[in-house]
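Trainee: I would like to learn how to read the features of a model like this one. Could we take them one at a time?

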Amino acid sequence: MSSSSSGKNLTALARDAVLYTLPLFEMARMRAAMCPRRDDAGQFAGDSPYSTHGWVNQLVRGRQLLGPRNREVVTPNNDTLYISTWLDVGDEPLVLEVPETAGRYYVLGLLDFYTNPFESIGTRTKGSGARRFLLHHGDVAPPASGDLTPIACPTRDIWLIGRVLVDGPDDLPAVHDLQDRFVLKTLGGQPAQRRFDVGMARRAAIGDPRRYAAVVNTALARNPPPASESALVAQYGAVGIGADIDASALAASTLAALATALDQVIDELGVPQPSALGGGWFLPVEVRASFGDDYLTRAHVSRNYIGALGMEEAMYVSADCDSEGRPLDGRYTYELSFPSDGLPQAQAFWSITMYDKTTCMLVDNAIDRYSIGDRSPHLRYDEQGLSLHLSAVPPVDASTRSNWLPAPNGLFYIMLRIYIPGAAHLEQRFRYPPVRRVECQDESVHTARNALAS
């Protein structure tokens with residue numbers, strides 16, 4: 001085998017290794033960013049606020065609907081309050097107590113460390129009554145108990161990311177009370193939280209190949225791949241990826257191959273998805289309980305939509321181009337018209353949220369409106385159905401401003417979230433209305449927009 005052929009193979013293998021393991025790195029990076037450094041009593045897990053130690057098995061309850069100033073998670077929703085925790089179920093089972101929710105929609109999504117959304121606990125799957133669940137992993141056998149529903153976790157490290165529906169700011173106190181009644185404890189009834197070294201800084205970047213290898217190799221050791229994939233992963237040892245490989249001892253040539261692969265994969269995953277649903281719409285996350293062996297899709301979702309639920313729980317239908325394939329830009333006005341018999345089919349609720357394309361964050365605007373949906377009290381329907389207006393400045397016709405979703409003065413994208421979608425969505429038979437550009441903003445409109453923002 002020639003050296004050039006060997007180099008090509010090493011480069012290709014490194015790319016495969018990065019595609020396979022990128023979800024592990026992204027989960028570790030998300031855990032480092034979100035794992036609380038203080039417990040509920042205010043005690044640091046480490047010796048200082050800057051320690052890499054945090055608390056796992058501790059529920060974190062978001063108390064405010066997210067807005068433009070919340071920068072921790074990209075493409076956040078503005079419909080629910082979050083409940084989340086990073087779990088370690090490797091040493092002993094954990095008991096999760098869920099309260100009666102009186103019909104209010106909630107879901108606790110469980111993701112394994114490869115980002116597979118293997119389980120949803122919520123109104124769709126378990127109803128709205130009080131329940132107790134036993135989360136366990138591996139050879140740790142759950143005890144027999146009539147009031148504990150066992151849930152087997154595929155990996156030791158798990159991300160629980162939950163959402164509780166909020167009907168506007170006045171509803172927050174009731175949701176806060178409900179959040180406080182979600183409890184996580186040991187089988188013996190003790191608080192489950194414990195210290196854990198997340199192994200990286202809160203704002204860790206992805207480009208350093210040695211650190212990348214160190215992070216994913218640690219993750220592989222704690223969370224081995226399925227037995228059916230062990231032979232595949234064993235091949236990655238040639239490029240420094242493996243549970244028993246010391247990243248600090250990797251050769252310069254190996255690090256160079258990993259660095260090239262990281263750059264290539266990150267660039268590849270940043271390419272926009274095609275408008276597969278027509279009218280400017282595409283479905284970026286198409287997974288139920290597992291990605292299986294579709295490692296490219298798994299890597300794409302981990303990089304761009306980490307924390308997404310399985311499709312049966314929620315569908316995230318997005319648009320970053322109009323019906324003619326032109327990028328969505330707030331300097332233009334767009335209309336989105338749902339016919340009266342063609343509204344989204346959601347058993348829980350649906351909403352459309354606006355995001356700045358550059359930052360993937362919510363868009364600051366003068367009326368503090370970040371999403372619009374079936375629970376928006378200001379929406380106006382007519383005999384044709386529902387027409388929404390998207391632009392950086394308010395519609396000229398004041399009567400349509402109740403259906404206006406403010407956009408940034410530049411590139412943007414929107415996401416239609418459908419919680420507990422109907423069969424037409426799941427089977428991709430639903431006809432999404434085209435995102436239609438209806439007019440171009442002139443200089444006077446820009447002036448008006450700047451005046452509104454000041």
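Trainee: Does Trp-159 count as buried or exposed?

Mentor: A word first on the source: this is a predicted model. The cut-off for buried is under 20% relative accessible area. Trp-159 has 1% relative accessibility, so this residue counts as buried.

Trainee: Which ring does Trp-159 pair with, and how are the two rings arranged?

Mentor: Planes under 30 degrees apart count as stacked. The ring centres of Trp-86 and Trp-159 are 4.7 Å apart and the planes are at 10 degrees, so this pair is stacked. Trp-86 belongs to strand 3 (residues 80–88) and Trp-159 to strand 9 (residues 157–165), so the pair ties together parts 73 residues apart in sequence. Trp-86 is buried as well, at a relative accessible area of 4%.

Trainee: How many aromatic pairs are there by this rule?

Mentor: The count is 14 aromatic pairs. One of them is formed by Tyr-20 and Tyr-295, with 4.9 Å centre to centre and 65 degrees between the planes, which is edge-to-face. Tyr-20 sits in helix 1 (residues 3–34) and Tyr-295 in helix 7 (residues 295–304), 275 residues apart, and the pair links these distant parts of the chain. Both tyrosines, Tyr-20 and Tyr-295, are buried.

Trainee: Which residues do ring pairs link into a cluster with Tyr-20?

Mentor: The cluster consists of Tyr-20, Tyr-114, Tyr-236 and Tyr-295, linked by ring pairs.

Trainee: Which charged residue lies over the face of Tyr-20?

Mentor: That residue is Arg-298, at 4.8 Å from the ring centre of Tyr-20. A further case is Arg-437, which lies over the face of Tyr-332 at 3.8 Å from the ring centre.

Trainee: Now the strands. What is the general idea of how they are held in a sheet?

Mentor: Strands of a sheet pair through backbone hydrogen bonds, and the pairing is either parallel or antiparallel. In this model, an open sheet of 5 strands has the order 12-13-19-15-16, with antiparallel pairing. Strand 12 (281–282) and strand 16 (371–373) each have a single partner strand, so one side of each is left without a neighbour in the sheet.

Trainee: How many bridges join strand 12 to strand 13?

Mentor: Strand 12 is joined to strand 13 (residues 314–319) by 2 bridges, and the two run antiparallel. Trp-281 stands opposite Ala-319 of strand 13.

Trainee: Which way do side chains point along a strand?

Mentor: In a regular strand the side chains alternate between the two faces of the sheet. Take strand 5 (residues 106–112), where 7 of its 7 residues are buried. Tyr-106, Leu-108, Leu-110 and Asp-112 point one way, Val-107, Gly-109 and Leu-111 the other way.

Trainee: Which strands pair with strand 5?

Mentor: Strand 9 pairs with strand 5 in the antiparallel sense over 7 bridges, with Leu-108 opposite Gly-162. Strand 6 (residues 119–122) also pairs with strand 5 in the antiparallel sense, over 4 bridges; there Leu-110 has Glu-119 as its bridge partner. Strands 5 and 6 form a hairpin with 6 residues between them, and Thr-115 in the turn has a positive phi of about 75 degrees.

Trainee: What is the volume of the largest pocket, and what lines it?

Mentor: The largest pocket holds about 730 Å³ of space. Its lining has 30 residues, with Val-74, Arg-303, Asn-304, Tyr-305 and Cys-360 nearest the centre. Helix 1, helix 6 (252–269) and helix 7 each supply at least two residues of that lining.

Conventions. Residues numbered from 1 in each chain as written. Predicted model: local features only at pLDDT ≥ 70, side-chain atom pairs only at ≥ 80, totals over all residues. Heavy atoms only, no water. Pairing = 2+ DSSP bridges. Phe/Tyr/Trp six-rings, centres within 6.5 Å; stacked < 30°, edge-to-face > 60°. Buried < 20%, exposed > 50% of the residue type's maximum accessible area, 1.4 Å probe, protein only. Lys NZ or Arg CZ within 6 Å of the ring centre and 35° of its normal. 1 Å grid on protein atoms, 1.4 Å probe; cavity = no way out; pocket = protein on both sides within 12 Å on 5 of 7 lines; lining within 4 Å. Points joined across faces, edges and corners; volume = space filled by probe spheres on them.
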